[in-house]
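Have a look at the model first.

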Amino acid sequence: MTATVRTTDHPDPAREDSRIAFFSRWRLPRPGDRQAALDAIAGAWEPEPWPSPGLLGYHLYTGEDGVTLLHHSQWTGEDAYAAYAREHRGTRNDAIDAAVPGIERLALGSYRHYRGGRAEGDARVPGCVVIVSVEFEGPDPVRQRAWVDAVFEALGTDPQPPGGGIAAHFHVSTDGERVLNYAEWESAQAHVDALDAPGRGIGGPTEQWRRVQQYPGLKRSTVERYRHAYGLVPG
């Protein structure tokens with residue numbers, strides 16, 4: 001059997017053998033429960049064999065608000081995830097809930113990586129992962145991808161890339177309604193500084209950025225900052 005191993009390495013959101021990725025958020029009852037929840041998740045996973053050859057990696061992130069955990073898993077296909085959910089997810093969640101009662105599990109979304117990456121040779125380790133979630137009015141896979149393409153066009157109009165930006169990985173949801181950007185930054189402060197520098201950082205006052213921000217069918221967007229806690233991978 002393959003062992004379950006904990007790692008501090010960040011995942012590669014653009015890895016070619018990942019056909020589907022799942023992102024979900026948990027809200028903890030209190031900020032003081034964060035470490036207990038991370039320990040409980042590791043305790044439910046590490047003593048057990050790796051649950052599926054179709055699971056490439058499972059990573060945990062802690063939110064700036066102190067009570068949010070982000071879960072990111074990469075799979076070879078939807079069937080592999082469905083089998084895991086049927087055979088393992090319930091018992092593992094029960095063990096975690098017994099250790100940390102009151103966890104609220106928010107929406108779980110399935111995505112496919114569409115576009116993005118980092119510059120070749122850039123070996124910087126992210127100190128912050130920024131999750132930008134965008135929701136549209138109704139499913140439209142063509143619109144999802146066209147909006148992402150518009151973002152890349154707008155980025156090309158910025159005078160210079162933000163100094164602390166490392167990579168951006170745009171994912172489109174399988175239901176056709178959302179886009180998720182998994183963006184890697186040197187630090188949370190570098191991202192804050194880029195947002196606070198209109199015309200010099202992200203989202204300059206250009207026609208291309210106005211098109212992105214006022215795109216037809218765009219319903220809402222949110223931005224959240226996280227720090228990578230650890231990953232669980234097959235050993």
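## The second largest pocket

Which strands each supply at least two residues of the lining of the second largest pocket? They are S2 (20–27), S5 (104–118), S6 (128–136), S8 (178–185) and S9 (218–234). Strands (E, at least two residues) and helices (H or I, at least four) are DSSP runs, numbered from the N terminus. S5 gives the most here, with 5 residues.

This pocket has a volume of about 440 Å³. Among its 20 lining residues, Arg 25, Ala 107, Tyr 111, Ser 133 and Arg 178 lie nearest the centre. The lining divides into 10 nonpolar, 5 polar and 5 charged residues. Here Ala, Val, Leu, Ile, Met, Phe, Trp, Tyr, Cys and Pro count as nonpolar, Asp, Glu, Lys and Arg as charged, and the others, Gly among them, as polar.

## How to read the model

The model is predicted: local features need pLDDT of at least 70 and side-chain atom pairs pLDDT 80 or more, while totals for chains, interfaces and linings use all residues. Residues are numbered from 1 along each chain as its sequence is written, and side-chain values use heavy atoms, leaving out hydrogens and water.

On a 1 Å grid over the protein atoms alone, a pocket is an open set of points with protein on both sides within 12 Å along at least five of seven lines; a cavity is a set where a 1.4 Å probe fits but cannot get out; lining residues have an atom within 4 Å of a point. Grid points are joined across faces, edges and corners, and a volume is the space filled by probe spheres set on them.

The largest pocket has a volume of about 920 Å³. Of its 37 lining residues, Val 151, Leu 155, Asn 181, Ile 202 and Trp 209 are the closest to its centre. Strand S7 (165–173) gives the most to this lining, with 5 residues.

## Helix H2

Helix H2 (residues 78–99) should span 32 Å because its 22 residues count 1.5 Å each, taking one less than the number of residues; its end C-alpha atoms are 29 Å apart, which agrees. A kink of about 50° is centred on His 88, where the bend is the angle between axes fitted to the seven residues ending there and the seven starting there.
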